[in-house]
Amino acid sequence: MSERSLRGRVAVAGVGETQYYRHGQAPEPEFVLCLKAILAACADAGLDPTDIDGFASYSNDRNDPPTLATALGVKELRFSNMQWGGGGGGGAGAVANAAAAVATGLADCVVVYRALAQGQFGRFGQGPRAPTLSGDLALTVPYGQMSPAQWYAPKVTRFMHEHDVGQAALRAIALASYHHAQSNPRAVMYGRPLTEAAYDASRWITEPFHLYDCCQENDGAAALIVVSAARARDLKQTPAYVLAAAIGAGFRVHSTPAGFATPDLASSHFQTLAPRLYAMAGVGPADVDVVQCYENFTGGVLMSLVEHGFFAPDEAMDFLTLENLIAPCGKLPLNTSGGNLAECYMHGLELQIEAVRQLRGQSTAQVPDVNVSLAAAGPMVTPVSTVLFGSEATL
Amino acid sequence: MSAYLPPGLPIPVPERNGLSAPYWEGLRQGVLKVQRNPRTGLYQWPPQWIAYDDQGFELDWVEVAPRGRIYSWTRVWHPVHPALEDACPYIVVVVELPHAGNVRMLGNLLGDPRQSVRIGADVEAVFEHHPDAEPPYSLAQWRVVHAS
């Protein structure tokens, strides 16, 4: 193992979340949700919240570390971190930053958190209302291209065109999330199964995305606690060791509004990251037992799975079937909590938590004998990020 | 021509620092301009202060032929702005300009919004002027060029 590696040095020792709500339905302020998720993660780990000494988040979370630290009575603040750029693509990046801080001695106990009460602030899926716009937004919004679904759709259309991928591949990804949500009482879509017929009959949002290809928007908060591997072994839960983490994007991947200009348009932007990730972990795609893959839109998952090496682009139609994607016995169980589509759009942090629960044997759609658990954040934004978690046996 | 989308969307204006002003001025005159590195011939889009190939700050604005081919597209059915409530569906195309280093631009595809869209189809720009807007502006829209 190279000295410049995270492999086996740190672990997630605690995870927690508030109740998840439809957007606008949280009964408490976003900041309170954030505090409660952090306390839940501490309780899960068996840690005193005042022993937290670092905070890491992403996507310009509104709840800043100094305010959280003072509110919680944290004794000493050592690490105050925001993953810059990429929105939800920073979910694994925030875990990576927390892990790097702990591995290098900057901090001992870092909480990764995300809180979203969209009803209290504003939604992602609405176009800008300003009377005038400049810069990259001026190149898309006047043409009616102004929401994430609209910005990313041409990337997926191009990929589907190049590799002859049909709508059924996207449908299988949506069905897998909804299937798993039916066994997860936390899931906002618990008790609301999705059928092939209902998917097919659902309205277009923007081609090639039907309604069910698009993530929810929700209220709630989630948190996880990163500590050293040695400390994690002394805590309540089975440690989920960080085998590797990677952040990034390739050549000239433009931020979202100018994404149309990105040379490799038909991409989720994990190509350069995945080889680094597997090299640090010392494992390959065939070793991965279960995958949590950020679904802003199903088409991004399609490309993410390809770029993480699970199948070749031209195999997508054969690989992406509901049978292959569901726990416990599918070839590659995917988004086993229901993910952004059907558990909760906690901006993908719920996916990181689910990757940990799979390693602990605590998922509501448990895959047997999980040793390597992958959680990807992003797709189609820049930078994206991925974490590979491993069991004690993988170290 | 009338506008492809209804009025009420945000109006594009150059940045206060003027980075993209030559582009917007060009559109008002019915001319399509992009940046080019005078030292290497590299075409660059969208506008930037520095050339990404040699990191020089001097960039030219050059006129390019207002034609290209469809690289990708989407048809929007769900409006996310009040001005678009009755405007769906509409088509957004990503257009590649092969004669300008394959830079890509974005616009609407004129014609029947339910038409089938073919990736690779040749298109030409149609300048859509909004002289009565405050401030006035123009957009570059696209229409399919049928082989004669």
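Before counting anything, I note what contact means here: two residues are in contact if their C-beta atoms, placed from the backbone, lie within 7 Å. I also note that this is a predicted model.

**Entry 1: where A meets B**

I looked up the contacts between the two chains and found 37 residues of chain A touching 31 residues of chain B. Next I asked which elements of chain A supply at least two residues each to that side. They are β6 (132–133), α5 (135–138), α6 (148–163) and β7 (204–206). The biggest giver is α6(A), with six residues. By type, the side of chain A that touches chain B splits into 18 nonpolar, 14 polar and five charged residues.

**Entry 2: strands across the chains**

I then checked how β6(A) pairs with a strand of chain B. Its partner is β1(B), residues 11–12, and the two run in the parallel sense over two bridges.

**Entry 3: a sheet in chain B**

In chain B I traced an open sheet of three strands, ordered β3-β2-β4, with antiparallel pairing. Which strands sit at the edges? They are β3 (43–44) and β4 (60–64) of chain B, each pairing on one side only. I looked at β2(B), residues 32–36, against β3(B) and found two bridges in the antiparallel sense. Arg36(B) is the residue opposite Tyr43(B) there.

**Entry 4: helix α2 of chain A**

I turned to α2(A), residues 65–72, and asked which of its residues are buried. I got Pro65(A), Leu68(A) and Ala69(A). A reminder to myself: an α-helix has 3.6 residues a turn, so residues three or four places apart point the same way.

The face turned away from the buried side carries Pro66(A) and Thr70(A), both exposed. I also checked what covers the buried residues: the cover includes α1 (30–45), β3 (54–58) and β4 (79–83) of chain A. Just after the helix, Gly73(A) takes a positive phi of about 75°.

**Entry 5: the core**

Last, I looked at the largest nonpolar core, which has 182 residues. The members that touch the most others are Val110(A), Ile225(A) and Val226(A). I listed the contacts of Val110(A), leaving out residues up to four places away in sequence; among them are Gly54(A), Phe55(A), Ala56(A), Phe79(A) and Val226(A). That list also includes Ala98(A), Ala101(A) and Val102(A).

Methods
Residues are numbered from 1 along each chain as its sequence is written. Chains are lettered from A and ligands numbered from 1 in the order in which they are written. This is a predicted model: local features need pLDDT of at least 70, side-chain atom pairs count only at pLDDT 80 or more; totals for chains, interfaces and linings use all residues. A residue is buried if 20 or more other C-beta atoms lie within 10 Å of its own, exposed if 12 or fewer, and partly exposed in between; C-beta atoms are placed from the backbone. Helices (H or I, at least four residues) and strands (E, at least two) are DSSP runs, numbered from the N terminus. A nonpolar core is a set of buried Ala, Val, Leu, Ile, Met, Phe, Trp, Tyr and Cys residues joined through C-beta atoms within 7 Å. Ala, Val, Leu, Ile, Met, Phe, Trp, Tyr, Cys and Pro count as nonpolar, Asp, Glu, Lys and Arg as charged, and the others, Gly among them, as polar. Two strands pair if DSSP finds at least two bridges between them.
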